[in-house]
Amino acid sequence: MDLDVFVSAHRAEWDRLDALLRRQRRLNGAEVDELVALYQRTATHLSLIQSSAPDPQLTGRLSQLVARARSAVTGARRSSWRDVVRFLTHGFPAAVYRSRHWWVPTALLSTLVAALLGWWIGTHPEVQASIAAPDALREMTRPGGQYETYYSSHPAASFAAQVWTNNAQAAAMCLVLGIFLGLPVLWILLLNMLNLGVGIGLMSSAGRLDVFLGLVLPHGLLELTAVFVAAGTGLRLGWTVIDPGPRTRRSALAEEGRAAVGMAIGLALVLFVSGAIEGFVTPSGLPTWARISIGVLAELAFLAYVYVLGGRAARAGETGDIEEHERSATVPTAA
């Protein structure tokens, strides 16, 4: 594309669109039709320039012009409770469902790693000795020791809030840092599985693995699932950098990045539920079977939410991205 020739051919249309947008009086019917037509043409021009002959100054000017025109055409829009309901019933579960081919294998492999680490630590006394001194290990694993009292060491409400904050930060880091080819996500996962494996190994070596699982499973099922979803989405975002598919890398990252932001909000709500279970159910006086049953029910409810609501929304075309009219007004073009 000869950029100078292209600009000369279309400058008059851009100037006319700018003049219509600056007009103080109310536009008549013919002018409104002209505004819409010029807006669509200018959006196409912008896309052509971005894909064939990117020029920062011209792209900036046309982007601003298209944004102003889109606002004039679509009008101002305020978020409402309807948007919240749509996000919770369509956008978020669809985004989780679409990422299932990433987070389900992530969950299975991570669980396997934690189990293997637990077996290795539990069957090798020299590994246990490298973790802490024998007296410290006994203090952690004995009845009434640190592993058992950890969940009741603070008031339930403040403990639940602290757990929710920490887990939400970990999930957000997986989502945000995924863009660095997913490498930081793998490190975060390894640290989480190492912590879980150490607990499994030390408590199994003390013959109290059933107690440990009775404390972890009520909240851990839902909590770890949320972490795995965040990690899988982060890894998917990292892979998008490597292979954006038929989309341009820029548009692919924009789409997946917006979905990841929505995912962070949704997962914060999921982790709020797991934090409440960890703060109020895990340290409660309920029988172990009752506490684990609550955790299993919460996990099954989330999976049903994703695979039923999310699957239905995804098949209907929902991606978890913002609505089409709120996206950048560009059209696909061949480079």
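The side chains of His10 and Glu13 are joined by a polar contact of 2.8 Å. A polar contact here is a pair of N or O atoms within 3.5 Å; within protein, one must be able to donate a hydrogen and the other to accept it, and residues adjacent in sequence count only if both atoms are side-chain atoms. The model is predicted: local features need pLDDT of at least 70, side-chain atom pairs count only at pLDDT 80 or more, and totals for chains, interfaces and linings use all residues. Residues are numbered from 1 along each chain as its sequence is written, and side-chain values use heavy atoms, with hydrogens and water left out.

**His10 and His45**

- His10 sits in helix α1 (residues 3-22). Helices (H or I, at least four residues) and strands (E, at least two) are DSSP runs, numbered from the N terminus.
- The His10 side chain also makes a polar contact with the side chain of His45, at 3.4 Å.
- His45 belongs to helix α2 (residues 29-52).
- With a relative accessible area of 7%, His45 is buried. Buried means under 20% relative accessible area, exposed over 50%, and partly exposed in between (1.4 Å probe, protein chains only).
- Leaving aside residues up to four places away in sequence, His45 touches Phe6, His10, Glu13 and Trp14. Contact means heavy atoms within 4.5 Å.

**Overall fold**

- The chain has 13 helices and 0 strands.
- Its radius of gyration is 26 Å, well over the 20 Å that the globule rule gives for 335 residues, so the chain is more spread out than a compact globule. The radius is taken over C-alpha atoms, and the rule is 2.2 Å times the number of residues to the power 0.38.
- Along the principal axes, the C-alpha atoms fill a box of roughly 80 × 40 × 30 Å.
- Of the 335 residues in the chain, 40% are buried.
- Among contacts with a separation of 6 or more, 77% are between residues 24 or more positions apart.

**Helix packing around α11**

- Helix α11 (residues 209-242) and helix α12 (residues 249-281) have axes that come within 9 Å and cross at roughly 170°. Axes are lines fitted to C-alpha atoms, for helices over the stretch in contact, and angles run from 0 to 180 degrees between N-to-C directions.
- That makes α11 roughly antiparallel to α12. Angles under 35 degrees count as roughly parallel, over 145 as roughly antiparallel, 65 to 115 as roughly perpendicular and the rest as oblique.
- The residues of the α11 contact with α12 divide into 17 nonpolar, 5 polar and 5 charged. Ala, Val, Leu, Ile, Met, Phe, Trp, Tyr, Cys and Pro count as nonpolar, Asp, Glu, Lys and Arg as charged, and the others, Gly among them, as polar.
- Helix α10 (residues 183-205) packs on α11 at about 170°, with the axes 11 Å apart. The two helices are therefore roughly antiparallel to each other.
- The α10 side of this contact includes Val185, Leu186 and Leu189, and the α11 side includes Leu209, Val211 and Phe212.
- By class, the contact of α10 with α11 has 16 nonpolar, 3 polar and no charged residues.

- Val73 is in helix α3 (residues 56-74) and is partly exposed, at 35% relative accessible area.
- Val73 touches Val36 and Tyr39, not counting residues up to four places away in sequence.
- Val73 and Ala107 are 34 residues apart in sequence and 45 Å apart in space, C-alpha to C-alpha.
- Leu181 lies in the loop between α9 (156-177) and α10.
- Leu181 is not a glycine, yet has a positive phi of about 60°. At 45% relative accessibility, Leu181 counts as partly exposed.
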